[in-house]
Amino acid sequence: MECKVLDITINSAKDLQDVNLFFKMKVYAAVSIQDYNLIKDDTCMQLQITPIDKDSGPNPEWNFRMKFRVDTFATQQNRLILVVELKADKKLGNKDIGEVQVPMKELLDRFGESKNEISVSYSVITPSGEPKGLLYFTYKFSSKFTVESGDMPVSAALNWK
């Protein structure tokens, strides 16, 4: 299968919904690439998580870099979606702040044949369905390469180590 590496840096978010009443929110982002055809099957979803920003409340900053291997055929069929879930770390369980969903085809088409990182921002959608805040990230794609079918799931996280 033909693949590309998505190199993404989750930079920051601004003006998020504050889900804490008395204390400053401690925010992190859970990032995954999901296949619409396999959305019910968690084994096909790879997940990476930013560190928790304990100091910035509704305006967290991470500048956290991640890499995912992405199936270019599934991307061109518009099956893959980048999902960034923003969550507040709490002692009695994490609380959802909001989510950003971006079709991978949109990111790939915008990137085109560029070699430079692209900076983007997307509205964060709260659990109630309302937009509140923005998520900022940069990304770029590698050149195509081929892997043997079955080596890794359609969108597999690549470790930095």
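Which residues does Leu-82 touch, not counting residues up to four places away in sequence? In this predicted model, the partners of Leu-82 are Ile-8, Val-31, Ser-32, Ile-33, Val-100, Gln-101, Val-102, Met-104, Leu-107 and Phe-137. Leu-82 is also listed, together with Ile-10, Leu-135, Phe-137 and Tyr-139, among the residues with the most contacts inside the largest nonpolar core, a set of 36 residues. Two or more residues of this core are supplied by each of strand E1 (2-14), strand E2 (27-35), strand E4 (61-71), strand E5 (80-88), strand E6 (95-103), helix H2 (104-111), strand E7 (118-125) and strand E8 (131-141). Strand E5 provides the largest share, five residues. In soluble globular proteins, nonpolar side chains tend to be buried together.

The overall architecture was considered next. The protein chain contains two helices and 10 strands, arranged along the sequence in the pattern β-β-β-β-α-β-β-α-β-β-β-β. Of its 161 residues, 44% count as buried. Among contacts between residues at least 6 apart in sequence, 70% join residues at least 24 apart.

Tyr-139 and Ile-8 are separated by 131 residues in sequence, yet their C-alpha atoms are 4.2 Å apart in space. When neighbours within four places in sequence are left aside, Tyr-139 is in contact with Leu-6, Asp-7 and Ile-8, with Leu-107, Arg-110 and Phe-111, and with Asn-116, Glu-117, Ile-118 and Val-120.

Charged pairs were examined separately. Side chains of opposite charge can pair when their charged atoms come close. Lys-144 forms a salt bridge with Glu-2, and the closest N and O atoms are 3.6 Å apart. Because Lys-144 lies in the loop between E8 and strand E9 (145-146) whereas Glu-2 belongs to strand E1, the pair ties together parts that are 142 residues apart in sequence. Lys-144 counts as exposed, at 54% relative accessibility, while Glu-2 is partly exposed, with a relative accessible area of 39%.

A second pair joins Arg-79 to Asp-35, with the closest N and O atoms 2.7 Å apart.

The side chains of Asp-109 and Lys-105 meet in a salt bridge, with an N to O distance of 2.9 Å. These two residues are four residues apart in helix H2, so about one helical turn separates them. Asp-109 is partly exposed, with a relative accessible area of 47%, and Lys-105 is likewise partly exposed, at 24%.

Two asparagine residues have positive phi values. In Asn-63, phi is near 50°, a positive value in a residue other than glycine. Asn-63 lies in strand E4 and is exposed, with a relative accessible area of 52%. Asn-78 has a positive phi of about 60°, although it is not a glycine.

The largest pocket has a volume of about 270 Å³. Its lining comprises Val-19, Asn-20, Leu-21, Phe-22, Phe-23, Lys-24, Met-25 and Lys-26, together with Asp-89, Lys-90 and Lys-91. By class, this lining has five nonpolar, one polar and five charged residues. The second largest pocket has a volume of about 160 Å³. Lys-4 contributes to its lining, as do Phe-111, Gly-112, Glu-113, Ser-114 and Lys-115, and also Phe-141, Ser-142 and Ser-143. Here the lining has two nonpolar, four polar and three charged residues.

Notes:
Residues are numbered from 1 along each chain as its sequence is written. This is a predicted model: local features need pLDDT of at least 70, side-chain atom pairs count only at pLDDT 80 or more; totals for chains, interfaces and linings use all residues. Side-chain values use heavy atoms; hydrogens and water are left out. On a 1 Å grid over the protein atoms alone, a cavity is a set of points where a 1.4 Å probe fits but cannot get out, and a pocket is an open set with protein on both sides within 12 Å along at least five of seven lines; lining residues have an atom within 4 Å of a point. Grid points are joined across faces, edges and corners, and a volume is the space filled by probe spheres set on the points. Ala, Val, Leu, Ile, Met, Phe, Trp, Tyr, Cys and Pro count as nonpolar, Asp, Glu, Lys and Arg as charged, and the others, Gly among them, as polar. A nonpolar core is a set of buried Ala, Val, Leu, Ile, Met, Phe, Trp, Tyr and Cys residues joined through side-chain atoms within 4.5 Å. Buried means under 20% relative accessible area, exposed over 50%, partly exposed in between (1.4 Å probe, protein chains only). Contact means heavy atoms within 4.5 Å. A salt bridge is a side-chain nitrogen of Lys or Arg within 4 Å of a carboxyl oxygen of Asp or Glu.
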